[in-house]
Amino acid sequence: MECLTDRRDDPACARGPSGGRRDAGWTNLDHDAANATTVECEYVDHSRCGGPCAASPANRRNEGFVTTVPSVSVTNSAAGTIMQAFSTPVARIPCPFAAEVNPSLVDIVLARLENTENLFGYKSETSADLVEWGEEAADRTSSWALEMARRFTEKVMGKTLDKAFSDGRADTAEDRPPVSVGVGRSWASVYRRGDRHEAHFHPNTALSAIYYVTAPDTCELDLLDPRTGIGYYDSGIAFGGEGHGIRLRCKPGELVIFPGWLKHAVPEFEDDSLRISLSWNIGFSVGGPPKGRHK
């Protein structure tokens, strides 16, 4: 996959002059949002989104979202059509009040960690759900993350949450209560030197959301190719980016949202300070989620 900015002279790009570092083989997406490719709609003819969708100037209420994957490219000719299929939506969103909540979140997480038993061999994790802690900074950040998840869903689908939910079922929005975005489970993770998290996904989760609270520099997150069997056979020609993953390099104060089925990993943390993040397993439900805050 190409670097979205086409700035291969940038050392941060895996295809740039420094592409042979320890993260070689990963496409780095750590450029500023202003330099990334903004995807208005993933559908070329808008037939799936029902148009006018977010690509229409008349319906851009979600402007400001920058998608971390390129839009579908299609080549037409008299002989046929070639398209790049099965793109995966991933969002990176800066928190507008990060400076106000992050110092408090650090103190809250570390205090919670003192009484937890979730001290894994690869990282430390708080117990209980952070949406139930009753902490103002955590509640504010969780509410904002859920609102961003709602907007992300509507942006990708090109329709309201209720309409997108109904289109996948036999009912209509008029037949049931409104659909809400809610939290199934939420926690904080603390990484120290040498900590890492191997590749995994979040089952029974519509969207995974990660908010980066603090780190000495960037917070690395590896996204793995979700296409089953892509590495089974090496034909000698890579048709769809075989063998490549995406490495996000986020700053504290950024939120990342992606489908819960997308495998991801945290590479080894190589600093003597702390890296702290908040995570939410997000789902959709009718009439309110089973627990936690919702939008």
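Where does Phe-86 lie? Phe-86 sits in the loop between β4 (80-83) and β5 (91-94). Before going further, please keep in mind that this is a predicted model.

**Loop residues with positive phi**

- Phe-86 is not a glycine, yet its phi is positive, near 65 degrees.
- With a relative accessible area of 75%, Phe-86 is exposed, because the cut-off for that label is over 50%.
- Asn-204 belongs to another part of the chain, the loop between β8 (197-200) and β9 (207-214).
- Asn-204 also shows a positive phi, about 55 degrees, although it is not a glycine.
- The relative accessible area of Asn-204 is 85%, so Asn-204 counts as exposed.

- Strand β10 (residues 219-223) runs antiparallel to β11, and 5 bridges join the two.
- One of the residues to look up here is Leu-223, whose bridge partner in β11 is Ile-246.

**Val-183 in strand β7**

- Val-183 is part of strand β7, which spans residues 179-191.
- Its relative accessible area is 2%, so Val-183 is buried, since the cut-off for that label is under 20%.
- Val-183 and Ser-279 are 96 residues apart in sequence, but the C-alpha to C-alpha separation in space is 10.0 Å.

**Helices α1 and α2**

- Two packed helices are described by the angle between their axes and the distance between the axes.
- For helix α1 (residues 98-113) and helix α2 (residues 136-157), the axes come within 8 Å and cross at roughly 120 degrees.
- The two helices α1 and α2 are therefore oblique to each other.
- The crossing in which α1 passes α2 is left-handed.
- On the α1 side, the contact is made by Glu-100, Val-101, Ser-104, Leu-105 and Ile-108.
- On the α2 side, the contact is made by Ala-137, Ala-138, Arg-140 and Thr-141.
- By type, the residues of this contact between α1 and α2 divide into 5 nonpolar, 2 polar and 2 charged.

Terms used:
Residues are numbered from 1 along each chain as its sequence is written. This is a predicted model: local features need pLDDT of at least 70, side-chain atom pairs count only at pLDDT 80 or more; totals for chains, interfaces and linings use all residues. Side-chain values use heavy atoms; hydrogens and water are left out. Two strands pair if DSSP finds at least two bridges between them. Helices (H or I, at least four residues) and strands (E, at least two) are DSSP runs, numbered from the N terminus. Axes are lines fitted to C-alpha atoms, for helices over the stretch in contact, and angles run from 0 to 180 degrees between N-to-C directions. Angles under 35 degrees count as roughly parallel, over 145 as roughly antiparallel, 65 to 115 as roughly perpendicular and the rest as oblique. A crossing is left-handed if the near helix is turned anticlockwise from the far one by less than a right angle, and right-handed if clockwise. Contact means heavy atoms within 4.5 Å. Ala, Val, Leu, Ile, Met, Phe, Trp, Tyr, Cys and Pro count as nonpolar, Asp, Glu, Lys and Arg as charged, and the others, Gly among them, as polar. Buried means under 20% relative accessible area, exposed over 50%, partly exposed in between (1.4 Å probe, protein chains only).
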